[in-house]
Amino acid sequence: MTGAFGALGLAVARRFAGRGVRLGLLGREPVPASVRQEFGLPHVLSGGVDLSVQQAADAAMRAVAAATGGFQALVNVAGGFRWETLAEGDVSTWELMFAMNLKTAVVASKAALPHLIAAGGGRIVNIGAGAAARAAAGMGAYAASKAGVERLTEALAAELRDRNVTVNAILPGTIDTSANRAAMPDADVTRWVDPEAVADVVVFLASDAARAVTGAAVRVFGRG
Ligand SMILES: NC(=O)c1ccc[n+]([C@@H]2O[C@H](COP(=O)([O-])OP(=O)(O)OC[C@H]3O[C@@H](n4cnc5c(N)ncnc54)[C@H](OP(=O)(O)O)[C@@H]3O)[C@@H](O)[C@H]2O)c1
């Protein structure tokens, strides 16, 4: 899983670990001590992996495969958000959003693909965003990059249909994270979706029960 040390990533990791799944957790920052403590063996932890660099992703996936004997699922959680209008902002924000949200999923998927195929098939679950369906003011770069995640999901699902690899996207509404609470102190958090609820849908799409689902984009909004 990419973006594994972030808010949603940790919720997803806990859900999988609770089901006895052995995890490869990748993050851009060094592995936080708390994560090292919570996810000891048999999980594989890898920090300092910048998914804008294909060779870094390839090496990280090879290391996870070597340590685990192969893996059957990739969950692309890595991403980020910026609010900025075009007039007041900078073109670099568009590049940043595409790098964080779309390129990470492209690079990690390309790196994981040989391992999924070697395993005889598997699952890719991407995290898009409900906000990509129609962009509000200041949301152009983010929404465009997350719309790209949906198009990637569709194309990859078609490309891998005969390789026994399913590819789906989850489109969360606003997730109830501490970062969102700090950024939007006056918001009605009861309209937000819990990270655990999003994680449950990730776990389903990664499971055998979802073997017939591919190329789907699932809105997960809670009461939002
Ligand atoms: N929070 C929400 O309300 C919400 C709503 C809809 C969709 N989403 C999506 O859900 C996912 C998780 O969100 P979150 O709230 O858990 O965010 P988060 O806590 O910021 O976690 C995202 C993680 O992705 C990592 N990342 C970004 N660019 C990377 C790169 N180039 N290489 C490797 N790692 C990279 C970040 O690392 P750094 O800390 O080093 O940047 C961070 O650890 C994101 O894709 C986000 O867009 C979130």
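**Cavities.** On a 1 Å grid over the protein atoms alone, a cavity is a set of points where a 1.4 Å probe fits but cannot get out, and lining residues have an atom within 4 Å of a point. Grid points are joined across faces, edges and corners, and a volume is the space filled by probe spheres set on the points. This is a predicted model, in which local features need pLDDT of at least 70 and side-chain atom pairs count only at pLDDT 80 or more, while totals for chains, interfaces and linings use all residues. Residues are numbered from 1 along each chain as its sequence is written, and side-chain values use heavy atoms, with hydrogens and water left out.

For the largest cavity I noted a volume of about 50 Å³, and its lining consists of Arg82, Glu84, Thr85, Leu86, Gly89, Asp90, Thr93, Trp94, Gly138 and Ala141. I sorted this lining into 3 nonpolar, 4 polar and 3 charged residues, where Ala, Val, Leu, Ile, Met, Phe, Trp, Tyr, Cys and Pro count as nonpolar, Asp, Glu, Lys and Arg as charged, and the others, Gly among them, as polar.

The second largest cavity holds about 30 Å³ of space, and I listed Asn76, Ala78, Asn101, Thr104, Ala105, Asn126, Ile127 and Val149 as its lining. By class this lining has 4 nonpolar and 4 polar residues, and no charged ones. At least two lining residues come from each of α4 and β4 (122–127), and α4 gives the most, with 3 residues. The elements are DSSP runs numbered from the N terminus, with helices being H or I of at least four residues and strands being E of at least two.

**Largest pocket.** I then turned to open space, where a pocket is an open set with protein on both sides within 12 Å along at least five of seven lines. The largest pocket contains about 1,300 Å³ of space. It is lined by 44 residues, and those closest to its centre are Val77, Ala78, Gly79, Gly80 and Phe81. I found that α1, α4, α5 and α6 (178–183) are the elements giving two or more residues to this lining, which divides into 23 nonpolar, 16 polar and 5 charged residues.

**Ligand.** Where does the ligand sit? I placed the ligand in the largest pocket, on the rule that more than half of its atoms must lie within 2 Å of the pocket's grid points. Around the ligand I counted 26 residues, of which Leu8, Arg28, Val77, Lys146 and Asn180 come nearest; a residue belongs here if one of its heavy atoms lies within 4 Å of the ligand. This shell holds 12 nonpolar, 11 polar and 3 charged residues. The helices α1 (7–18), α4 (91–118) and α5 (140–159) each supply at least two of the shell residues, and α4 gives the most, with 3 residues.

I also looked up polar contacts, here pairs of N or O atoms within 3.5 Å. Oxygen atoms of the ligand lie 3.0 Å from a backbone N or O atom of alanine 7 and 2.8 Å from a polar backbone atom of leucine 8. A nitrogen atom of the ligand is 3.2 Å from an N or O atom in the side chain of aspartate 50. Taken alone the ligand exposes 880 Å², and the protein buries 81% of that, by the Shrake-Rupley method with a 1.4 Å probe.

**Second largest pocket.** I read off about 680 Å³ of space for the second largest pocket, with 30 lining residues, of which Phe71, Gln72, Ala73, Leu74 and Ala206 lie nearest its centre. Its lining has 14 nonpolar, 10 polar and 6 charged residues.

**Backbone notes.** I recorded a cis peptide bond between leucine 41 and proline 42, with omega at about 15°; proline 42 is in the loop between α2 (33–38) and β2 (44–46). Asparagine 164, in the loop between α5 and β5, has a positive phi of about 65° although it is not a glycine.

Methods. A polar contact is a pair of N or O atoms within 3.5 Å; within protein, one must be able to donate a hydrogen and the other to accept it, and residues adjacent in sequence count only if both atoms are side-chain atoms.
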